[in-house]
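Please look first at the sequence and then at the model shown below. The paragraphs that follow begin with single residues and proceed to the chain as a whole.

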Amino acid sequence: MDAEEARRELTEERRRLTELGEWSQEHRPAPSVQQEGAMGQHSADYGSEVEESMERQGLTDEARRQVAEIDDALTRLDHGTWGRCVVCGRDIDDDRLDARPQADRCREHQEELERSSR
Ligand SMILES: [Zn+2]
């Protein structure tokens, strides 16, 4: 994968993720005052609404993390350091970049990171 292809894929992925974020904001239960007549039936739904909004919050956090990774990769593309390990500076394997253009570590240092965060 070359830098141009990576930029296209990352930009596309970012757009997809941020659209997802807007969706969850639009559909969040409105905090506005309810009509008095509707109060009763709304409090009955309260439990499931809270659960649903927590699920959406989780999705949004994950999406936000992914967007941050993509922004990092786009910054490295701008600086010409994309495709290199941020720890040792060696080229990252092509098959890793094909699967994940936002990869910022070689196999060795990615494994080290995953070991230390466990
Ligand atoms: Zn490395």
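Glu13 counts as partly exposed, because 17 C-beta neighbours lie inside 10 Å. In this scheme a residue is buried if 20 or more other C-beta atoms lie within 10 Å of its own, exposed if 12 or fewer, and partly exposed in between, with C-beta atoms placed from the backbone. Glu13 is found in helix H1; helices (H or I, at least four residues) and strands (E, at least two) are DSSP runs, numbered from the N terminus. Although Glu13 and Val67 are 54 residues apart along the chain, their C-alpha atoms are separated by 8.4 Å.

The model is a predicted one, in which local features need pLDDT of at least 70 and side-chain atom pairs count only at pLDDT 80 or more, while totals for chains, interfaces and linings use all residues. Residues are numbered from 1 along each chain as its sequence is written. The term pLDDT denotes the predictor's confidence in each residue, from 0 to 100. For the protein chain the mean pLDDT is 81, and 66% of its residues reach 70 or more.

The protein chain contains 5 helices and 0 strands, and its pattern along the sequence reads α-α-α-α-α. Ala68 lies in helix H3. This residue, Ala68, counts as exposed because it has 11 C-beta neighbours inside 10 Å.

Which residues make up the largest nonpolar core? A nonpolar core is a set of buried Ala, Val, Leu, Ile, Met, Phe, Trp, Tyr and Cys residues joined through C-beta atoms within 7 Å. Here the largest one has 9 residues in all: Ala6, Leu10, Ile70, Ala73, Trp82, Ile92, Leu97, Ala103 and Cys106. Helix H1 (3-26) and helix H3 (46-79) each supply at least two residues of this core.

Leu97, one of the core residues, is placed in helix H4 (residues 94-99). Leu97 is buried because 21 other C-beta atoms lie within 10 Å. Not counting residues up to four places away in sequence, Leu97 touches Met1, Ala6, Gly83, Ile92 and Ala103; two residues are in contact if their C-beta atoms, placed from the backbone, lie within 7 Å. Ala103, with its neighbours within four places in sequence left aside, is in contact with Ile92, Arg96 and Leu97.

Across the 118 residues of the protein chain, buried residues make up 11%. Of the contacts in the protein chain with a separation of 6 or more, 60% join residues 24 or more positions apart.
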